[in-house]
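Thank you for making the time this morning.

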Amino acid sequence: MKKAFPILAVLTVLLLAYAFYEAMWVAPTERTMGDVQRIFYYHVPSAWTAFILFFVNLVASVAYLIRKNPKADAVALVSAEVGVIFCTVVLVTGPIWARPVWGIWWTWDLRLTLTLVLWLIYVSYLVLRRFSDSAQTPKLAAVLAIFGALDVPLVYFSIWFFRTQHPQPVIGGGGSIDPRMLHILLINWLAFSCFAFLVCWARYRLEMLKRDVEEAEALESLLDTGTSATIAKGKVSLGGGPR
Amino acid sequence: MNSLWPITLASLAKDIRLEWRSKDALNSMLFFSLLVVVIFSFSFDPTAEESREIAGGLVWVAFLFSAIVALNQTWARELRNQVLDAYRVSPAPANALFLSKALGNFILVTLLEAVMAPLFMVFYNLRVVGAAWELIPVCVLGTWALVASGTFFAAMSIRTRMREVMLPLILFPLSIPAIQSMVEATRIILSGDGNPRFWIVLLLTYDVVFTTACLALFETVLQAE
């Protein structure tokens, strides 16, 4: 398994470089929007990757609640973290594209609003993980992830109805796409998915190592105080245990 | 299951008796929402026609902020003297505790609304153009949406390091569809412009989905150690 990591890393870098070349030089320039349309090859794959990661987070959270396997919890944490990063990329690249094309930075369109709310939900998930004590964090976080998933369809319907009442100035999407563009989009998506997987993997290994270290430290300090207590009869050993 | 309701009612009666004797939560909530109303009146000129348009939003934001005050006190009371730990080891069903707390908060927030809604009407010179009776289901469903998920997330945030700060951070993002439904339904009823049915149905859906999830997962949260 450990040997596969550098191989995947090299492959991902090559794929990303190839996808970048395709998106910047090979892809045809869009007729009305011009070169700014090329952000599409980063915006859309990031969105798809983020949504997949949020779905992975939900599956891992449910798996954790059923099996109580700490590995599932680590997967949930990692996928939420990386998902939020990709979602941030989506929310940043969107307005950069929208300003020259639509003339506005932001519109309360269905997909924009849904992505924003999703981002908010997962940021609150990460905040909860950050501020709760380690022993109960996994359960509370898994419960919150389930609530987040239940919330998504409700948000969808509320915005969908709201938007039909208030037509937006410009709605993107629809229409046909050049097959070459679609091809390059899919290459970029593959590259981004590999990249996301790679980052998740690295982060997962780091998280598991961190937990091992914490466990070892806790055990060591327990043994430390135990032995020093028996030897020194209750005398507190200063600086005996690790920080 | 047959012990669910007696225990719920016993726990609810205890909470109401405690609240009746101290009136801590109710007084702080009432004064807080009065302050919110006054500050809103300074921020958005109540005599302007546009302010009346956004009054539905203002009312619910004021209630939401005030409800946070009550929700945060829900579980803090049980931490003293390790009451929550005692509850955890007792054979009483966990959902009885959740239901009693949610119902208690429901009563509190409803009282608050009964007092504050007329005040809003006076300050903002509101008239109900649409069907006024439709405000009743919106209020009941909206209040339940806030207190059911709020009570649940308060039980989660009580376990974190920044207790009071944590609750709105979890509750606000998740309650966005509920808040939007309440605000839109209220705005439509007040202005008599359109049909609020879609929003009431969405609010009902939110209530059913979230209450079911709360009841299904509360034991996990209570026993999380």
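I will call a residue buried if 20 or more other C-beta atoms lie within 10 Å of its own, exposed if 12 or fewer do, and partly exposed in between, with the C-beta atoms placed from the backbone. What you see is a predicted model, in which local features need pLDDT of at least 70 and side-chain atom pairs count only at pLDDT 80 or more, while totals for chains, interfaces and linings use all residues. Residues are numbered from 1 along each chain as its sequence is written, and chains are lettered from A, and ligands numbered from 1, in the order in which they are written.

Let me begin with chain A. Of its 243 residues, 29% count as buried. Chain A has six helices and zero strands, where helices (H or I, at least four residues) and strands (E, at least two) are DSSP runs numbered from the N terminus.

Helix H1 of chain A, residues 4–26, has 23 residues and reaches 31 Å from its first C-alpha to its last, close to the 33 Å expected at 1.5 Å a residue; that expected span is 1.5 Å times one less than the number of residues. Within H1(A), the buried residues are Thr12(A), Ala19(A) and Ala23(A). Helix H2 of chain A, residues 40–67, has 28 residues and reaches 40 Å, close to the 40 Å expected, and just after H2(A) comes Lys68(A), with a positive phi of about 60°.

Now to the place where the chains meet. The contact takes 25 residues from chain B and 27 residues from chain A, two residues being in contact if their C-beta atoms, placed from the backbone, lie within 7 Å. On the side of chain B that touches chain A, helices H8 (163–174), H9 (176–191) and H10 (197–223) of chain B each supply at least two residues, and H10(B) gives the most, with nine residues.

H10(B) also packs within its own chain. The axes of helix H7 of chain B, residues 135–157, and H10(B) come within 9 Å and cross at roughly 25°, where axes are lines fitted to C-alpha atoms, for helices over the stretch in contact, and angles run from 0 to 180 degrees between N-to-C directions. That angle makes H7(B) roughly parallel to H10(B), since angles under 35 degrees count as roughly parallel, over 145 as roughly antiparallel, 65 to 115 as roughly perpendicular and the rest as oblique.
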